[in-house]
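Dear colleague,

After it I have set out what was found, with the criteria given where each term first comes up.

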Amino acid sequence: MMLSPHPLEQELGMRYYASVAPGIGGRLRSSPADFVVEELPLPISDPDGPYLICRLTKTNWELQRAVKEIAKQLGISHRRIAWAGTKDKNAVTTQFISIYDVPPEAVGQVHLGDISLEAVGRSQHSLALGSLAGNRFDIVIRNCIAEDLSARVQAATAVASAGIPNYYGLQRFGVVRPVTHLVGERILKGDYEGAVVTYIGRAFPRESEEVERARTRFAETRDARAALADLPIQMTYERAMANHLVANPGDYAGALRVLPPKLLSLLVSAFQSYLFNCALSSRIDAGMSLSEPEIGDRLLFSNGREDIVSARNRQAALLQVRRGRCRIALFIPGSEPVASHGPMDERMEELMQESGIDAGDFERASRFVETKFAGALRAISLSTDVEADVSGADVRLKFTLPPGHYATTVCREYMKADPYVMI
């Protein structure tokens, strides 16, 4: 393992690389065509269902914005559209969406640049986050370090196959402005004013001077009317919140609720992701393995079954992990009480205490956001067979990941570069 030298990764809990081999450097997403994602769907087989399932292919579109534009052209509420996975903006992505009570021929009404929509079936149920088989990636990293490039790529490919830390990637927290977990933390604490001020007013150096000034002014003054005048028109969510505050002074809870429900829930779950990253790095700090279970570790099997490692079953657990039947996992806390079984559960409890957040806060947030945050297991390592090709100073990577795993987590093991060149 090797510590990341990048402050932003340190702040987000992504403190380690799996190997000490030098990185290839380079840049991701020189163009959207350099980052291609194809969603692998679960079976669709119900011709009489009320939900129309469509294949959506888009280039350089943020998903929430694309959904709103599609809904507008269909003449329906965007709340009738759901999806299984949130894909990158600066990419070419193919995924599936469900649209409630719309005939197949209606998709012909959708004419948007760099978007294609095709009806592929019907379902009795709306798509939900995570209801997919996985994602296939075809990624080009440009302008890599030329010295020993093939050897560096081979070393990283071997590490990716063996297993790397399964961190939540940078885009989970916000690409240019990684604040989602900070907003989520304020929501969990019931500090809705703090959440709004962080969302609108937390400035980052990668933004334009105009935006940075507008954010800073709002953070200092709480002047929503001035924010409406200052914030660029394309910052729709910030402006919607400010507009609510102009009409309803002091109603910060209401300002948060103008955000799309799925985005609001993602803010809270981003804090859970942050806890996971920090706990995983703490495990590595302690010299504990990603693949050798310790007494008290949780196991997550490929079929969803869970188990706890004990002195009695430790050797059997080790064999199961080596055979790929299960992985060591961390429990990400939520609203439901959970018994502590070992040092990693204890570390997660410490992180919660350090943050001043408990299960009751998740329960209150569940009511506020209208989404259940019960907690979940997540594997601490991911592995994938990468097909890598070197062409001059460019490296092409092809691989497949399960739902909820991040391609950038794989790419960072190759690049070991500033996370901002990966967005």
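Ring pairs link Phe35, Phe137 and Phe399 into a cluster, where rings of Phe, Tyr and Trp (its six-membered ring) pair if their centres lie within 6.5 Å, and planes under 30 degrees apart count as stacked, over 60 as edge-to-face and the rest as tilted. Please keep in mind that this is a predicted model, in which local features need pLDDT of at least 70 and side-chain atom pairs count only at pLDDT 80 or more, while totals for chains, interfaces and linings use all residues. Residues are numbered from 1 along each chain as its sequence is written, and side-chain values use heavy atoms, with hydrogens and water left out.

Aromatic pairs

The structure holds seven aromatic pairs. One of them joins Phe35 and Phe137 edge-to-face, at 6.3 Å centre to centre and with 75° between the planes. Phe35 lies in strand β4 (residues 35-40) and Phe137 in strand β9 (residues 134-144), so this pair ties together parts that are 102 residues apart in sequence; helices (H or I, at least four residues) and strands (E, at least two) are DSSP runs, numbered from the N terminus. Both Phe35 and Phe137 are buried, a word that stands for under 20% relative accessible area, with exposed meaning over 50% and partly exposed in between (1.4 Å probe, protein chains only).

The rings of Tyr168 and Tyr406 have their centres 5.9 Å apart and their planes at 65°, so that pair is edge-to-face. Because Tyr168 lies in the loop between β10 (164-165) and α4 (180-188), and Tyr406 in the loop between β17 (394-401) and α14 (407-415), the pair ties together parts that are 238 residues apart in sequence. Tyr168 counts as buried at 12% relative accessibility, and Tyr406 counts as buried at 14%.

Helix α14 and the cysteines

α14 is mostly covered, with nine of its nine residues buried, among them Cys411 and Tyr414. The helix is followed by Lys416, whose phi is positive, near 50°. Cys411 itself has 0% relative accessibility, and its sulfur is 10 Å from the closest cysteine sulfur, in Cys144, which is too far for a bond. The structure holds zero disulfides, a disulfide being a pair of cysteine sulfur atoms within 2.5 Å. Cys278 is also buried, with a relative accessible area of 9%.

Strand β13

Strand β13 (residues 326-332) is mostly covered, since six of its seven residues are buried. Strand β11 (residues 298-301) pairs with β13 in the antiparallel sense over four bridges, where two strands pair if DSSP finds at least two bridges between them, and Phe301 stands opposite Cys326 in β13. β13 also pairs with strand β14 (residues 376-379), in the antiparallel sense and over four bridges, and here Phe331 stands opposite Leu377 in β14.

With best regards
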